[in-house]
Amino acid sequence: MLTMVVELEDKPGQLIKVLEPISKLGGNIISVTHRRDEITPLGRIPVRIAVQIDEKKIDQLIKEIESRGICIRSYNRVKHTVTTSLLLIGHIIHTDLRSTVDAVDKTGFAEVVEMRIVMPELNKPSTSFIKLSAVNEEKLRESVRILKEVCSAKGIKVIEPL
């Protein structure tokens with residue numbers, strides 16, 4: 001798996017410059033996260049992209065994206081081999097979604113690879129499906145513990161699979 005952060009201009013057609021080479025090289029996009037609130041010094045928007053791709057094609061992918069004029073701020077090859085899915089219930093957005101996700105992502109051994117949120121009404125609890133990925137079972141359990149700790153402090157209920 002490859003996780004990269006690219007800096008994109010805030011105009012139509014920029015994201016496709018990154019996604020086309022991924023598709024062309026047979027990559028599978030796991031997640032795309034825009035950080036519109038974090039404008040870079042060059043006035044661009046950082047976008048985090050997680051991709052499953054053949055390890056041998058990563059260097060070619062990086063070169064192809066850069067040849068399209070895209071600034072790749074960072075990338076790393078992450079070998080997350082185990083995943084789990086959880087359900088979160090509560091005020092997920094209103095309690096700073098970013099800090100919830102960052103608590104897992106900043107560990108270096110796990111990350112949030114997918115998240116879907118349903119918000120039925122303003123000021124009512126939301127429901128979120130969240131998928132975590134980690135380097136091994138032990139680290140996956142630790143990332144779930146970290147997520148539960150953060151969510152508990154925010155009054156968000158975490159439901160684990162049976």
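## The second largest pocket

Seventeen residues, written 17 in the count used here, line the second largest pocket, and those nearest its centre are T33, R35, L97, V101 and M115. The model is a predicted one, and the volume of this second largest pocket comes to about 330 Å³.

Three elements, β2 (28–34), α3 and β6, each supply at least two residues of this lining, and β6 gives the most to the lining of the second largest pocket, with five residues. By residue class, the lining of the second largest pocket divides into seven nonpolar, three polar and seven charged residues.

## The largest pocket

The largest pocket holds about 410 Å³ of space. Its lining is made of 23 residues, of which T3, V5, R48, D105 and E111 are the closest to the centre of the largest pocket. Two or more residues of that lining come from each of β1 (2–8), β3 (45–52), β4 (71–77), α3 (97–105) and β6 (110–118).

With four residues, β4 gives the most to the lining of the largest pocket. The lining of the largest pocket divides into eight nonpolar, six polar and nine charged residues.

## Strand β3 and its partners

Strand β3 is mostly covered, in that seven of its eight residues are buried. It pairs with β1 in the antiparallel sense over seven bridges, and in this pairing V5 stands opposite R48 in β3; V5 and R48 are also among the residues closest to the centre of the largest pocket.

The pairing of β2 with β3 is likewise antiparallel and runs over six bridges, with S31 standing opposite A50 in β3.

## The four-stranded sheet

An open sheet is formed by four strands in the order β6-β7-β5-β8, and the pairing is antiparallel. Because β6 and β8 stand at the edges, each with a single partner strand, one side of each is left without a neighbour in the sheet. From one strand to the next, the twist averages 25°.

Going along this order, β6 is joined to β7 by eight bridges, the two strands running antiparallel, and R116 stands opposite F129 in β7. Nine bridges then join β7 (residues 126–134) to β5, again with the strands antiparallel, while β5 and β8 (residues 157–159) pair in the antiparallel sense over three bridges.

Strand β5 (residues 82–90) has a covered face made of V82, T84, L86, L88 and G90, and an uncovered face made of T83, S85, L87 and I89.

K157 lies in strand β8 and counts as exposed because its relative accessibility is 53%, where exposed means over 50%. Leaving aside residues up to four places away in sequence, K157 touches L87, L88 and I89. The C-alpha atoms of K157 and I89 are separated by 5.1 Å, although the two residues are 68 residues apart along the chain.

## Helices α3 and α4

Helix α3 lies across β6 and β7, and runs at about 155° to β6, whereas helix α4 (residues 137–154) lies across β5, β6, β7 and β8 and runs at about 10° to β5. The buried residues of α3 are T100, V101, D102, V104 and D105, and they pack against β3, β6, β7 and α4. V101, buried in α3, is also one of the residues that lie nearest the centre of the second largest pocket.

D105 has its place in helix α3 and is among the residues closest to the centre of the largest pocket. Not counting residues up to four places away in sequence, D105 touches R48, A110, E111 and V112. D105 and S133 are 28 residues apart in sequence, and their C-alpha atoms are 9.7 Å apart in space.

Conventions: Residues are numbered from 1 along each chain as its sequence is written. This is a predicted model: local features need pLDDT of at least 70, side-chain atom pairs count only at pLDDT 80 or more; totals for chains, interfaces and linings use all residues. Side-chain values use heavy atoms; hydrogens and water are left out. Buried means under 20% relative accessible area, exposed over 50%, partly exposed in between (1.4 Å probe, protein chains only). Two strands pair if DSSP finds at least two bridges between them. On a 1 Å grid over the protein atoms alone, a cavity is a set of points where a 1.4 Å probe fits but cannot get out, and a pocket is an open set with protein on both sides within 12 Å along at least five of seven lines; lining residues have an atom within 4 Å of a point. Grid points are joined across faces, edges and corners, and a volume is the space filled by probe spheres set on the points. Ala, Val, Leu, Ile, Met, Phe, Trp, Tyr, Cys and Pro count as nonpolar, Asp, Glu, Lys and Arg as charged, and the others, Gly among them, as polar. Axes are lines fitted to C-alpha atoms, for helices over the stretch in contact, and angles run from 0 to 180 degrees between N-to-C directions. Contact means heavy atoms within 4.5 Å.
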